[in-house]
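Hello,

Here is the structure I promised to pass on to you. Have a look at it first, and then read my notes below.

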Amino acid sequence: PSPIGTFSLKTSLQFSASASAVTLRDLAASGTLAGSAGENIVLCSAKRLNWTPSQASGLALKASISSSDPTRGEVTLDVADFLADALQLATPEIKLSYRKALESAQADLTLSAGINVNYETNAIDVTNISGSASIPSLGTTQAPLTATVKGKASGSTAEERLVLDLVGAVGPSAFTYEGSAEWDGFPRLAGTIRVADVNLESLPDISDASWLNSADFTGEIRIGKLRLSSLTAEQLTAKLQLIDGTLSVTDAVFNVAGGRIESTARLSDDAKWSWNAASEECSVEGLLAASADSAPMTGTLIAQLTLSGHGTDAEAFTGSGKVRILQGQVRGIDISQGRTRTPNNPEERLATDFDEITGDISVSGQTLSVANLVARNASSRLSGSLTVQLTEKTLSGTAQVLRAPGAQVTPGLLTVGVTGSVAQPVWTIASPDQIKDEKTPVSESLTKRLRLWKNIRDFFKF
């Protein structure tokens with residue numbers, strides 16, 4: 001058979017026949033191991049190693065294995081001092097490190113702890129847990145990810161279960177974890193995760209979600225603040241279940257823009273995801289702009305929305321829903337019983353009050369469409385459609401305005417349009433001959449009476 005590798009050793013050997021003990025001092029060893037993915041380099045050193053028939057101990061033990069291919073990484077194990085016999089395994093510190101070269105930087109992971117295992121009682125105590133991670137260029141901002149963790153754990157070797165109490169931080173966001181970890185050939189976690197602050201734009205790209213197969217988890221997550229651009233959601237709570245590579249989020253509730261959103265979500269290991277949400281009494285201006293003065297419309301939002309996609313592929317987005325906005329304003333146009341007009345100059349501020357706006361939403365790729373769009377107030381009814389390009393943040397739409405008959409204006413239909421940016425839309429009036437203040441001629445003819453009642457019937461048809 002072909003050799004699996006090479007090995008060399010240098011040490012000082014001491015043997016005691018009376019104590020049946022072997023001691024190695026100043027050990028240094030190196031070698032290579034052949035594997036299916038290539039050759040691996042193995043290094044080992046120790047200040048002292050001691051064996052007797054009933055006990056093993058050592059001091060300053062260090063071992064590492066690395067691949068000849070630098071992209072596959074290097075694993076290092078450091079043990080400050082250890083003692084192992086039939087009753088116990090104890091070390092004040094054991095440290096595991098992993099380093100992997102990336103395109104222009106390297107990723108570093110380190111975890112250390114003190115371990116004490118009592119084989120008589122099956123008790124295990126893990127103290128002074130300390131870990132850190134540094135991974136460059138993750139997330140849409142391409143910012144490096146740094147994380148730290150500290151804590152302790154205790155449990156039973158018979159049950160293969162640990163109770164964990166951890167604190168740490170991922171970037172600027174602090175977190176705590178209280179729960180348990182079990183091992184029956186696969187890691188299974190259960191507990192509560194609390195996070196102070198999460199910036200969604202700094203999260204890793206979910207185009208590769210194979211990491212969902214690393215462990216199972218059942219429990220809750222609580223997030224103090226959830227940020228996306230200028231929008232901030234607060235007090236998020238949700239139930240999490242990660243089973244067989246599929247993450248399910250249920251009973252998710254958070255406060256945003258003065259209202260509340262309830263939702264569920266699902267993410268699978270092939271990066272396909274879905275999100276279902278219902279909003280209650282959210283401020284439209286709070287959702288659309290950092291400043292209420294710059295919002296193109298105001299009101300109270302009640303909506304239902306379903307979205308799905310594959311990773312961050314914008315063209316794979318699909319969705320549908322219904323929207324209802326109560327007691328607000330549409331800014332940039334004045335539609336009233338006496339007139340309909342747009343601003344004469346950029347400084348002029350116009351707005352139309354409405355009682356309710358409703359519409360059906362659909363999403364395809366980066367296009368959001370609103371069909372069956374209807375806005376109502378006491379003197380007019382607007383119906384039409386709207387299209388929003390999410391990437392460019394532009395919109396276009398047309399609508400017909402049916403004004404109530406009265407003494408100030410000729411009743412009938414008026415066509416309006418809107419284009420431009422979402423933040424600053426531009427309104428136009430397609431029928432200028434109907435915007436003048438006109439007195440309705442007084443006539444007792446049967447024809448005009450019938451026309452009047454037809455307009456009233458059409459107006460209240462909604």
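Let me start at the surface, where Ile 4, Leu 33, Ile 65, Val 75, Leu 77 and Leu 96 make up a nonpolar patch with about 480 Å² of accessible area together. Patches here take residues with over 30% relative accessible area and no salt bridge, joining like charges within 9 Å and nonpolar side chains (Val, Leu, Ile, Met, Phe, Trp, Tyr) within 5 Å. A salt bridge is a side-chain nitrogen of Lys or Arg within 4 Å of a carboxyl oxygen of Asp or Glu. Accessible areas come from the Shrake-Rupley method with a 1.4 Å probe, and for residues only the protein chains shown count as cover.

Please keep in mind that this is a predicted model: local features need pLDDT of at least 70, side-chain atom pairs count only at pLDDT 80 or more, and totals for chains, interfaces and linings use all residues. Residues are numbered from 1 along each chain as its sequence is written, and side-chain values use heavy atoms, leaving out hydrogens and water.

As for the whole protein, there are two helices and 27 strands; these are DSSP runs numbered from the N terminus (helices H or I, at least four residues; strands E, at least two). Of its 462 residues, 33% count as buried, where buried means under 20% relative accessible area, exposed over 50%, and partly exposed in between (1.4 Å probe, protein chains only).

Back to Ile 4: this residue lies in the segment before β1 (5-16) and is exposed, at 60% relative accessible area. Thr 23, in strand β2 (residues 21-35), is buried at 9%. Its side chain joins that of Asn 50 through a polar contact of 2.6 Å, that is, a pair of N or O atoms within 3.5 Å; within protein, one must be able to donate a hydrogen and the other to accept it, and residues adjacent in sequence count only if both atoms are side-chain atoms.

The structure also holds two aromatic pairs. The rings of Tyr 177 and Phe 217 have centres 6.4 Å apart and planes at 50°, so this pair is tilted. Trp 273 and Phe 317 form an edge-to-face pair, with 5.6 Å between centres and 75° between planes. Rings of Phe, Tyr and Trp (its six-membered ring) pair if their centres lie within 6.5 Å; planes under 30 degrees apart count as stacked, over 60 as edge-to-face and the rest as tilted.

Best wishes
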